[in-house]
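Subject: Structure for you to look at

Hi there,

Here is the structure I promised to pass on.

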Amino acid sequence: MIEVRDLVKSYGGRRVLDGLTFTAEPGRVTAFLGPNGAGKSTTLRMILGLGIPDAGHALVNGVRYAELRDPLRTVGALLDASACHPARSPRAHLTWLARTQRIPAARVDEVLGLVGLAPAARRPVRGFSLGMRQRLGIAVALLGDPGTVILDEPMNGLDPEGIQWLRGLLRALADEGRTVLVSSHLMREMAVVADQVLVIGRGRVLADGGLTEFLETDLPPVRLVTPRLDELSRALRAEGARVTHDSDPHRATVTGLTSARIGDIAAQNAWSVHELTPVRPSLEEAYMRLTAEAVEYRSATAASTKKEAASHASLK
Ligand SMILES: Nc1ncnc2c1ncn2[C@@H]1O[C@H](COP(=O)(O)OP(=O)(O)OP(=O)(O)O)[C@@H](O)[C@H]1O
């Protein structure tokens, strides 16, 4: 269990964490999301005792990381996939870590097998791809068979097979009753694997709750298919709905009314309806809406890039 309370951290007078409070529970995969620079890695570093908060605290199983008696057996973490000497092999790196923490040597081969690195166990890490380094980082995190697992962007560099494997691993770890906190920008992956969604922006919590609740909206858009689209659209608009027609003359998206109300209006007029489906937003859509105001580093859109190019041209 991870408990973060009123965490504050500034760098060079700039507040990076601004009173962050959340709990990551055992038995659940908690997706830790937020735009670039939101403070995710800083938070993970504070939980792992790699930085001192200006105020507040971050506890694992009720104590600060520095006070844990068996840190690697309590909390395993992947923060930086390149945190291994390039001349070392995965086996040497893991064996050295196991010795320092009184972890049985047999566990080294076990985790190498688990992450699929057994064939490369004795090769120097310098020749490894990013995905292989990530696998080694995950092996390090799991070495002590910890009850809490923290992974910072573990999917980076993994191939499709690796991503699928990691998805299964995260699920299995949580199902075994472990606390799993994973930061990622891959919304589709997180939507598949997360139980809890924790979104931060500018060092504050923007949303914290179950994935299903996060995706719930009171009035989701409704996909409508009817041969009487023109008449039904007029009737729906008269009730205040917005109806957006599609290239198919029988299909539209309706916002502002429930599917039940749309169905009732159609029934009152004896207009047949072939489809009436509330469309829940994807995790990515819900996330984009939530963080729209908290994005610090925004990319230029195609339109603004064209505008900039034109203004450069006019300056020449
Ligand atoms: N040691 C440091 N010294 C100065 N500034 C720092 C330090 N660590 C983090 N920051 C700043 O704190 C802010 C939050 O960074 P952090 O890495 O926690 O964000 P993040 O949410 O993990 O972002 P990303 O998604 O890009 O990894 C950034 O503006 C970063 O530059």
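The protein is divided into two parts, domain 1 (2-215) and domain 2 (222-278); these bounds come from an automatic or database domain assignment. Taken over C-alpha atoms, the centres of domain 1 and domain 2 are 47 Å apart.

Two points on how to read my notes. This is a predicted model, where local features need pLDDT of at least 70 and side-chain atom pairs count only at pLDDT 80 or more, while totals for chains, interfaces and linings use all residues. Residues are numbered from 1 along each chain as its sequence is written.

The UniProt record, an unreviewed entry, lists residues 2-227 as "domain: ABC transporter". UniProt positions are given in the numbering used here, feature names are shortened, and annotations may be inferred rather than shown by experiment. The span 2-227 is 32% helix and 28% strand, and its end C-alpha atoms lie 54 Å apart. Helices (H or I, at least four residues) and strands (E, at least two) are DSSP runs, numbered from the N terminus.

**The ligand**

Around the ligand you will find Tyr-11, Val-16, Gly-34, Asn-36, Gly-37, Ala-38, Gly-39, Lys-40, Ser-41 and Thr-42. A residue is near a molecule or strand if its C-beta atom, placed from the backbone, lies within 6 Å of it. Helix 1 (residues 40-47) gives the most to this shell, with 3 residues. By class, the shell has 3 nonpolar, 6 polar and 1 charged residues. Here Ala, Val, Leu, Ile, Met, Phe, Trp, Tyr, Cys and Pro count as nonpolar, Asp, Glu, Lys and Arg as charged, and the others, Gly among them, as polar.

Axes are lines fitted to C-alpha atoms, for helices over the stretch in contact, and angles run from 0 to 180 degrees between N-to-C directions.

Strand 1 (residues 2-11) pairs with strand 4 over 5 bridges, and Ile-2 has Val-60 in strand 4 as its bridge partner. Contact means that the C-beta atoms of two residues, placed from the backbone, lie within 7 Å.

Another open sheet is formed by 4 strands in the order 11-12-10-13, with antiparallel pairing. Strand 11 (242-245) and strand 13 (275-278) are its edge strands. A hairpin of 5 residues joins strand 11 to strand 12, and Arg-242 stands opposite Thr-255 in strand 12. Helix 10 (residues 259-268) lies across strand 10 (222-225), strand 12 and strand 13, running at about 160° to strand 13.

Best wishes

Key. Pairing = 2+ DSSP bridges.
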